[in-house]
Amino acid sequence: MRLGRAVRRRAPLNRNAALGAVLLAAMGLLFRGIVWFGLYVAFALAPLTVAMLADPIVADRGFALELGVAFGFIAYALISAEFALVSRLRAASEPFGTDSLMQFHRYMGIAALVFVCAHPLAAVPERLELADFNPLQGGLAARAGAIAFWLLLLLVAASLLRGRLRFAYEGWQLMHRLLAVLIALAMLGHVLAVDRYTSVLPVRVVTVVCVAGFLLLLLDYRGLRLLVLARRPWEIAWNRDEGGDTRTLSVRPVGHRGFEFAPGQFAWIATGRSPLTSEQHPMSISSSAERLPDNSLEFSIKAFGDWSRETIPALLPGTRVWIDGPFGAFTLDRAPGQGFVLIAGGIGVTPFRSMLLTMRDRGDRRPVILLYAARDWSRVVFRTELEALAREIDLRLVWVFEEPEPDWQGERGYINAAMLERYLPAPRDHHQYFVCGPIAMMDEIEELLARAGIPRGHIHSERFNVV
Amino acid sequence: VQRLIILRLAFGLIALFTSAALLFSWATSPPAPVAARTAGDSGAREAALFEQRCGRCHAREELLEWLGRRSDADAGGALLEFLGEHGEASNRENRTIVVYLETLATPP
């Protein structure tokens, strides 16, 4: 990881030198982010631009009809680009962070649906009938268009309602991918069968390239990359019960050197017989980003679902697993600050363990405050380790318990504005703030921090349950 | 915080794409026939465009006569194709010229 290396060159760290290295790396990432964003916009506008320049239509076509066509081209490109946002292209995801791309993917998916709905409404409002949405009626163009429309509606609805419908993640993910492929093919069929703008080669080429790019990315994501992953196995070194329904897995690479990461990043873990047949789960890396002699990594996993409750405890030393990483922008290596405030809720402490261990290993002397919220002591993980770290680095620990023992003298209840006032260090805008925990807690804390005068750019969080 | 930024970005992009769609529609849809415009708009702009793009080599009457000789319904399309192959004007300008000539060729 480039950022990690930039910071690691100096140990123990001089504060100004560390800030300079992080700032420089952040500028590089910003530039790359701008380039990737520009490419995305250019891709989204490519079919429309080529169609406008080629403009093969000679018959009279009204403004509304052309507007409908334009909406169709935009929806077509947006849907084709959707997969690129979540296909784990490391170069593209590094500047933004995987969770940001997932959220962007979600919003642009909804935007694509809006453009798809606007496409027939603007193009043929006077002769639009319900029968036009029947995939069993009409010519090839109408049928393919109707199929694409209904499948896209189903895909978006299933994604938005997954939580309420209690749709299992694995089943939803499989359906999501299958529907996406069918939609891409139906869209292509519709555009080619309409044969108006696509009657000329440049427009035909750009529309085919859009969907071909989508399918190639899918092939890479679900095929080539899994084959590469299968050739780089890891094995369980140890599997430890941390209490609070949490286990820490130590995994070491088998026959390769593993990978470097920045503290706070995550990786996808696949267990089972092969990564080709197993679902992958995103997990924060909880060990130090400074490499151990055997290049091993640690993941601390709380029992939430079937996989974490049943599969994880059963992983014995020597068991093969597959790790795809690192990913994510939730790392203090990207945040130039004179100190850090880490706010954890429950198992949200895992990326902070990685950050604190890394600071210790790098000799980083910048001050850190960790506010750790849990129900009570029984739900706290890494207590002994964190207390030991508080003696090794400039770390202040603040435990916040929702239901503490009656004789508890510390903070109790939820983290609130008054509590933050007591602990936030001065000057507030010289520090970076990281929040990790349940979604509702992160929403609340982010708002409290913003109200406390923390610049929004200094508040960092990461969300994975965006669907 | 992050979600808000991404949401704003998404709305910004939707606005950008909608503007691009409007630009596309403006560029690819034919202008309204001269006769259908308001009384104050005499078609002087179209006449000037014709003079600029075609007038140096072709008299207006020459093209009107050519249009009049065509009996098929797509005379305008054929003329548009001709202009696309013979001039340097944009598609939109060519369309404007065709509509201008067709308007003049159509008896009131």
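Predicted model: local features only at pLDDT ≥ 70, side-chain atom pairs only at ≥ 80, totals over all residues.
**Figure 1**
A compact globule of 467 residues would have a radius of gyration near 23 Å, and the 25 Å of chain A agrees with that. Of these 467 residues, 55% count as buried.

**Figure 1. A nonpolar patch on the surface.**
Five side chains come together here: A:F31, A:V35, A:W36, A:L39 and A:F96 make a nonpolar surface patch of about 460 Å². Look for A:F31 in helix α2, which covers residues 15–54 of chain A. With a relative accessible area of 57%, A:F31 is exposed, since the cut-off for that class is over 50%.

**Figure 2. Helix α5, a largely enclosed helix.**
Helix α5 takes in residues 98–123 of chain A, and its 26 residues should span 38 Å at 1.5 Å a residue. The C-alpha atoms at its ends are 37 Å apart, in agreement with that expectation. How much of α5(A) is buried? The count is 20 of the 26 residues, so the helix is largely enclosed by the rest of the structure.

Strand β1 (residues 234–243) and strand β2 (residues 246–253) of chain A run antiparallel and are joined by eight bridges.

Which residue partners A:D245 in a salt bridge? The partner is A:R379, and the closest N and O atoms are 3.4 Å apart. This pair links distant parts of the chain, 134 residues apart: A:D245 sits in the loop between β1 and β2 of chain A, and A:R379 in the loop between β8 (368–374) and α12 (383–392) of chain A. A:D245 counts as partly exposed at 42% relative accessibility, and A:R379 counts as partly exposed at 28%.

A search of the whole structure finds 17 salt bridges over all chains. In one of them the side chains of A:D361 and A:R360 meet at 3.0 Å, N to O. A:D361 is partly exposed, with a relative accessible area of 34%, and A:R360 counts as partly exposed at 32% relative accessibility. Another salt bridge is formed by A:E387 and A:R383, with the closest N and O atoms 3.3 Å apart. Both of these residues lie in helix α12 of chain A, four residues apart, about one turn of the helix. An α-helix has 3.6 residues a turn, so residues three or four places apart point the same way. A:E387 is partly exposed at a relative accessible area of 29%, and A:R383 counts as partly exposed at 38%. Salt bridges that share partners also join A:E290, A:D333 and A:R362 into one network.

**Figure 3. The open sheet of six strands.**
The strands of this open sheet in chain A follow the order β10-β9-β8-β7-β11-β12, with parallel pairing. At the edges stand β10 (411–412) and β12 (459–461) of chain A; each has a single partner strand, so one side of each is left without a neighbour in the sheet. Strand β7 (residues 339–345) of chain A pairs with β8(A) over six bridges in the parallel sense, and A:G345 stands opposite A:A373 in β8(A).

**Figure 4. Strand β11, covered on both faces.**
Strand β11 (residues 431–436) of chain A has six of its six residues buried. On one side these are A:H431, A:Y433 and A:V435, and on the other A:Q432, A:F434 and A:C436. β7(A) and β11(A) pair in the parallel sense over six bridges, with A:G339 opposite A:H431 in β11(A). Three bridges join β11(A) to β12(A), and these strands also run parallel. Here A:Y433 stands opposite A:I459 in β12(A).

Technical notes: Residues numbered from 1 in each chain as written. Chains lettered and ligands numbered in written order. Heavy atoms only, no water. Patch = residues over 30% accessible without salt bridge, like charges linked within 9 Å, V, L, I, M, F, W, Y side chains within 5 Å. Areas by Shrake-Rupley, 256 points an atom, 1.4 Å probe, with all protein chains shown as cover. Salt bridge = Lys/Arg side-chain N within 4 Å of Asp/Glu carboxyl O. Helix = DSSP H or I, 4+ residues; strand = E, 2+ residues; numbered from the N terminus. Buried < 20%, exposed > 50% of the residue type's maximum accessible area, 1.4 Å probe, protein only. Pairing = 2+ DSSP bridges. Expected span 1.5 Å × (residues − 1). Rg over C-alpha atoms; globule rule 2.2 N^0.38 Å.
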